[in-house]
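Here is a short briefing on a two-chain model. Please read it with the structure open.

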Amino acid sequence: MALQEKYQALIDAANAAGVSNLAVREQDGVLYVDGDAPNGSVKDQLWDVYNQIDPNYASGDLILNVNARAEAGSQVKVITQESNLNIRKGPGTDQPIVGKAAKDEIITLISKANDQWWSVRTQDGEEGYAYSQYLEPLA
Amino acid sequence: MKKILAIVAIVAFTFALPSCKGKSDAELKTEVETALQANPDLSGATVDVTNGVATISGELKDDAAVAAAEAAAKGVKGIKSVTNSATVAPPPPPVVITPDDPLTSAVTDAIKDHPTVSASVTDGVVTLTGEISKSDLQTLMQKVQATKPKKVESSALVVK
């Protein structure tokens, strides 16, 4: 229970920000926090709280997985830091690049191959797999 | 003047009447709510009172809390009986940890855009080494933790 107390401000912030399906469990010295954020800025806000409690995320006692929920068929925004987002033939960085999406481009989420790789279609009609952490659902 | 006094007396009597029969349902509801609020485990419980019968509903953390809510309501003077409709909240879903093989490839993908960072995976624990700029750290950690590892060991990662 001690870890839950350490990260109580984070759990409170998640509840206050309207995170749904919030699950908080402690197991073998690690606290696991999962849930669905209403949008991407809530996710970043929670990560800022995490960094305040545990500077540089260095303690290794929390796995935070509160992501903005995106539905198949919806529009998502490319949130790379500067570069283009690679669209690949299959789900993995070992797969050949079949297209690119620009930063801030709005593309279509076709389906989710897994948590990390989503099948997408760009505005130019290119289809392939993109890394989900660089995609954010439109609020 | 006598007439007015008579009316006042009748009105006063009418309002005083329910107190002869005991507390109203609304008063009992407030008293039960106060009793429930005294125990932080019962914050999920709500109560309704009809003809002195309290009905408790809501989702509570365990059987003991459900029993405690019933006892708290029964302890209020004037409650004739308690219908306990409170339920125990389902336990949170178990923690999902990615097996090492898919975890290794997921972590490889996660650190691809950070060439100064290396990662190894052992029994679900991702160990990060190398160096990273402070501004990229949050993005890196978001991606690595999203692979659902058991733990991320980053104490050896130098943040510049």
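The model is predicted. Chain A has three helices and 10 strands. Chain B comes to five helices and eight strands.

**Chain A**

- Along the sequence, chain A runs α-α-β-β-α-β-β-β-β-β-β-β-β.
- Its C-alpha trace spans about 50 × 30 × 25 Å along the principal axes.
- Chain A has 139 residues, and 35% of them count as buried.
- Take the contacts in chain A between residues at least 6 apart in sequence: 52% of these join residues at least 24 apart.

**Chain B**

- The pattern of chain B, read along the sequence, is α-α-β-β-α-β-β-α-β-β-α-β-β.
- Chain B has 160 residues, of which 32% count as buried.
- For contacts in chain B with a separation of 6 or more, 56% come from residues 24 or more positions apart.

**Where the chains meet**

- Chain A puts 23 residues into the contact, and chain B puts in 26 residues.
- On the chain A side, four elements each supply at least two residues: strand 1 (20-27), strand 2 (30-37), helix 3 (40-53) and strand 3 (62-68).
- By class, this side of chain A has 10 nonpolar, 11 polar and two charged residues.

**Nonpolar cores**

- Nonpolar side chains tend to be buried together in soluble globular proteins.
- The largest nonpolar core here holds 36 residues.
- Which residues touch the most other members of this core? They are L46(A), L62(A), L64(A), V107(B) and V144(B).
- From chain A, the elements giving two or more residues to the core are helix 2 (8-16), strand 2, helix 3 and strand 3.
- From chain B, they are helix 4 (100-111), strand 5 (117-122), strand 6 (125-132) and helix 5 (134-145).
- V107(B) touches A119(B), V121(B), V126(B), V144(B) and T147(B), leaving aside residues up to four places away in sequence.
- Another core, of 19 residues, lies apart from the largest one. Among its members are A45(B), V47(B), V66(B) and V76(B).

**Helix pair in chain A**

- Two packed helices are described by the angle between their axes and the distance between the axes.
- Helix 2 of chain A packs on helix 3 of chain A at an angle of about 165°, and their axes are 9 Å apart.
- Angles over 145 degrees count as roughly antiparallel, so helix 2 and helix 3 of chain A are roughly antiparallel to each other.
- Their crossing is right-handed.
- Helix 2 of chain A contributes A9(A), L10(A), A13(A) and A14(A). These meet Q45(A), L46(A), V49(A), Y50(A) and I53(A) in helix 3 of chain A.
- By class, this contact has eight nonpolar, one polar and no charged residues.

**Helix pair in chain B**

- The axes of helix 2 (residues 25-37) and helix 3 (residues 63-74) of chain B come within 9 Å. They cross at roughly 140°.
- How does that angle class the pair: it makes helix 2 of chain B oblique to helix 3 of chain B.
- The crossing of these two chain B helices is right-handed.
- V32(B), A35(B) and L36(B) make the contact from helix 2 of chain B. A69(B), A72(B) and A73(B) make it from helix 3 of chain B.
- By class, the contact has six nonpolar, no polar and no charged residues.

Terms used. Residues numbered from 1 in each chain as written. Chains lettered and ligands numbered in written order. Predicted model: local features only at pLDDT ≥ 70, side-chain atom pairs only at ≥ 80, totals over all residues. Axes fitted to C-alpha atoms, helices over the stretch in contact; angles between N-to-C directions. Parallel < 35°, antiparallel > 145°, perpendicular 65-115°, else oblique. Left-handed = near helix turned anticlockwise from the far one by under 90°. Contact = placed C-beta atoms within 7 Å. Nonpolar A, V, L, I, M, F, W, Y, C, P; charged D, E, K, R; others polar. Core = buried A, V, L, I, M, F, W, Y, C linked by C-beta atoms within 7 Å. Buried ≥ 20, exposed ≤ 12 C-beta atoms within 10 Å, placed from the backbone.
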